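I opened a new page for this structure. The notes below are in the order in which I looked things up.

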Amino acid sequence: MSNNQNTVLSLTLTQVKNLDSSLINEEELKKYVDLFCNINPLTSEEKEEVIRELFSRLAVKIDTGSCVKEKNHVSWYYNAKKSIDGKYWQRYSEYLITDQGFAPEVVNSIDRTTDEIMDLLGNPTQKEIFSRKGLVIGEVQSGKTSTYTAIINKAADAGYKVIILLTGIIEKLRQQTQERLDNGFVGLDSTAFVREKTNVYVGVGDKNNKFSACSITSTSSDFNQGIAKQLNIQLSGLSVPIIFVVKKNKSVLKQLEQWLKVYNAPTGSIDAPMLLIDDEADNASVNTRKDDEDPTAINTCIRNLLKLFTRSNYVAFTATPYANIFINPETEDEMLHDDLFPRHFIYALESPTNYIGAKSIFDEDGLYHYMLHSNNDCEQFVPEKHKKEFEPETLPTSLKEAIVSFFITNVIRDLRGQINSHRSMLINISRFINVQNNIANQVDEFVRDYQREYKLYSKIKNSYKTHEKITFTKKIYEKYFVSIDTKIKENIFEWDKIQQHLDEACSSIVVRTVNGGNSKKNLNYDENEYGLRIIAVGGFSLSRGLTLEGLSHSYFYRNSKMYDTLMQMGRWFGYRNHYADLCQIWMSDQSVEWYAYITEAQEDLKREVKKMMNANQTPADFGLGVRNDINSLMVTAVNKMRNTKEISTSISLCGTMIETTYISSKNSVNEKNRRTIYEWLNGLIKSGMQPSRYKVVNGIKSELDQKNHFQFLDVNSENIIDLLSRFEISKYNFNFRSEDIKEMIDNDTDNLLSKWDVIIADNPKNDKIEICDSLYIGPIGRAYTYNEDKQYIQMSGSKSRLGSVNYAKGGLTEKEVAEIEEKARYFRSEMEKNKSFNQNEYFNTGFVRNPLLVIYPVILTKNKNENNKFKFAEENRIYFGLSIGIPDIDGKEKIVYNYKINLIKWKEIIGVDDDFEEETGEE
């Protein structure tokens with residue numbers, strides 16, 4: 001858009017910000033646009049574009065989050081607001097709408113959310129001492145920065161004098177954050193203080209420069225005692241709030257502590273209200289050997305900073321509910337008594353409707369599921385397991401396709417009028433700097449070859465018929481642009497127009513590595529007025545915190561199964577206004593399956609916050625729930641890999657449904673399991689049990705929801721134990737172990753697991769088999785991946801799932817299913833209310849039901865690894881899997897068991913080497 005268009009857009013948004021967006025129509029918007037066009041002339045086409053953009057922004061919605069807090073919390077902020085002038089927040093909210101393009105309704109939601117969080121902090125005007133601790137959970141790249149910047153502005157309005165913001169361990173990330181705070185809070189270029197500049201207003205300072213804040217740190221320097229001494233600043237003499245934006249680095253934090261002590265704490269403590277925000281609190285698995293980045297040392301520094309102030313708040317921001325504060329402590333008691341435990345509140349943020357998150361990408365029916373493409377062929381280029389001396393050879397086809405697709409996206413974005421916007425592609429294949437440099441050299445050579453051919457032949461009509469690289473480009477255009485079906489598709493233009501603009505759109509594309517200390521130099525977006533177009537090759541530096549401006553293409557091939565690491569590596573999460581339909585992600589099928597799995601696990605855990613809020617439970621309850629969650633095992637194990645030979649932790653399966661995703665490929669095992677199922681079902685029937693289509697509830701006989709499937713109701717737990725004792729389950733099902741389920745049944749003191757329902761999966765379209773005497777069913781078909789070395793078949797599909805959601809309704813009537821779904825909707829955000837349910841939701845709403853066993857007779861269909869055929873699939877052999885659902889019932893304590901596993905066996909299960917090093921930096 002032109003400058004005039006942006007001005008009209010901002011002015012119109014400012015005018016309509018207090019109106020109900022549902023009542024705003026085209027005529028209303030046109031009235032304001034015409035008014036502001038009198039001083040900012042636009043053509044009729046430019047006016048139409050502005051109106052379309054206004055509708056797009058006004059359509060964005062966001063819900064208020066959910067919170068669990070300490071009992072007997074005393075509210076203060078809402079009453080105090082009447083005496084707070086709110087100048088910092090008012091200025092920032094205007095900046096969000098006019099300069100950052102936030103929809104007024106989104107800003108109003110941020111306002112409501114941060115009001116709630118402010119009320120959970122201490123009152124800065126009170127004289128009594130306080131030390132409050134809280135945690136805010138928000139999705140990766142979802143706008144947590146906007147939320148804590150809003151809190152900082154409101155804290156300044158309320159009377160907070162000192163604000164400390166901790167970023168990650170990377171200086172480039174700290175600089176990015178500092179720049180955002182300069183724009184969103186300080187209002188001045190932070191280098192103005194240290195370089196004695198004057199009148200250097202930025203961001204909110206352009207809105208109103210009559211007030212500002214003081215910043216000792218700058219975009220050019222982290223905290224430095226020498227500079228601080230030169231400025232001769234004392235907190236008691238400041239009339240404005242002061243902010244420090246610092247890395248999580250022991251040396252830096254110790255310098256800050258010492259300066260505060262020497263110059264501002266003559267009595268040993270500082271009598272000023274302080275807010276400390278930790279923006280990198282989700283390093284759940286960080287276990288670095290670098291002294292300056294050691295978590296224990298850094299946490300000690302944080303505690304020391306907090307102790308300096310008589311009135312302090314510590315607010316940690318995390319992108320995963322599996323945060324280190326819940327997972328790292330050895331015992332539950334240690335967790336609850338940790339100085340940084342968020343004992344006062346835990347707040348789960350919601351994301352706006354235009355946010356591209358894990359759920360919308362990895363759900364089968366997600367709006368952005370079309371972005372995903374397989375790059376399994378990358379294994380031949382750079383194996384998932386490789387050493388730093390490894391030398392990659394020929395670029396894989398999938399990477400060539402990804403790069404050329406990025407070329408085409410540059411053309412389309414130019415043709416859409418986004419000429420000066422930044423464009424980025426990331427390639428994350430290795431953590432080793434030497435390997436990254438080698439990859440970057442090959443990619444650079446590939447890019448230059450195409451740039452030369454585009455310059456010579458792209459202007460020649462029909463040159464795609466005679467020139468190989470332009471022929472390949474057209475093929476990619478048809479494969480990834482023409483054929484992609486998405487509801488949000490915008491104009492992608494005809495091929496002839498694309499070809500004509502290949503040279504000018506792609507000639508400025510550069511290939512750079514981003515690793516070690518070069519990220520500031522190589523990701524120099526601010527130095528490129530006309531837009532940087534970059535293919536960034538890296539590892540750790542691309543995996544945590546850094547923002548890649550205009551990211552549209554991601555090529556990811558890594559073997560991490562660690563929840564927090566995977567989510568942080570997802571730089572593709574975020575906002576892609578007007579080019580989301582062009583975005584593409586390449587990753588292995590296994591990575592897609594893991595992302596889908598952990599996305600569902602995290603969604604369930606975030607809903608737990610709302611459930612606990614409604615039940616008036618506390619942060620301690622949530623922390624215990626996270627520790628006992630089966631999926632926390634992945635984080636727990638990595639933390640303990642360096643210093644233990646055995647993993648031991650308390651786990652509960654209540655509220656979850658687990659299954660045998662991995663099935664042995666051994667014929668002898670499957671034959672044994674087939675006989676076991678046959679004999680076990682015969683035993684049920686001989687004991688007097690019969691398949692049922694009905695269930696009596698409160699004296700009323702009702703049809704079962706899944707009446708077309710064979711179901712046995714109220715089966716004794718002894719029968720379930722008998723089956724689990726005889727059925728052989730692959731050890732690679734780390735969360736489905738027969739001995740654990742048997743232990744849970746033994747630990748059940750309330751008889752919650754004494755009676756079970758059983759349902760047999762069935763597809764009537766397939767040829768029937770006899771599953772027990774005179775009982776015939778059609779096995780279900782499942783795609784699969786075969787691992788010859790480990791001798792297992794992995795149920796694949798898009799979610800690596802054996803089960804189907806409908807079977808979670810086993811043993812329930814239609815009315816009971818409706819009641820459960822109604823409760824499940826209540827615990828969802830408004831935007832998720834009408835989405836399909838997952839299996840866990842039929843067990844975690846608190847509804848009273850029997851535990852469930854599902855028997856899956858499976859016939860294998862498509863092999864997802866075409867290079868590794870599994871011969872038995874062609875013989876129509878039947879395989880058997882199991883699934884178990886354990887209800888979490890309101891008012892009943894969760895049943896736990898002790899999960900123990902030898903570390904060597906654990907490493908084998910999750911697929912890491914004995915010399916495993918968790919990624920904490922490049923090598």
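I began with charges over rings: I counted a case if NZ of Lys or CZ of Arg is within 6 Å of the ring centre and within 35 degrees of the ring normal. By that rule the charged end of Arg737 sits over the ring of Tyr899, 3.8 Å from its centre. I also found the charged end of Lys469 over the ring of Tyr450, 5.8 Å from the centre.

I noted that the model is predicted, with local features needing pLDDT of at least 70, side-chain atom pairs pLDDT 80 or more, and totals for chains, interfaces and linings using all residues. Residues are numbered from 1 along each chain as its sequence is written, and side-chain values use heavy atoms, without hydrogens and water.

Next I looked up aromatic pairs (rings of Phe, Tyr and Trp, the last by its six-membered ring, with centres within 6.5 Å; planes under 30 degrees apart are stacked, over 60 edge-to-face, the rest tilted). The structure holds 30 of these pairs. I picked Phe244 and Trp259, which are edge-to-face at 6.0 Å centre to centre, with 65 degrees between the planes. Phe244 is in strand E5 and Trp259 in helix H12 (residues 250-264), so the pair ties together parts 15 residues apart in sequence. Helices (H or I, at least four residues) and strands (E, at least two) are DSSP runs, numbered from the N terminus.

Are these two residues buried or exposed? Buried means under 20% relative accessible area, exposed over 50%, partly exposed in between (1.4 Å probe, protein chains only). Phe244 is buried at 0%, and Trp259 is buried at 1%.
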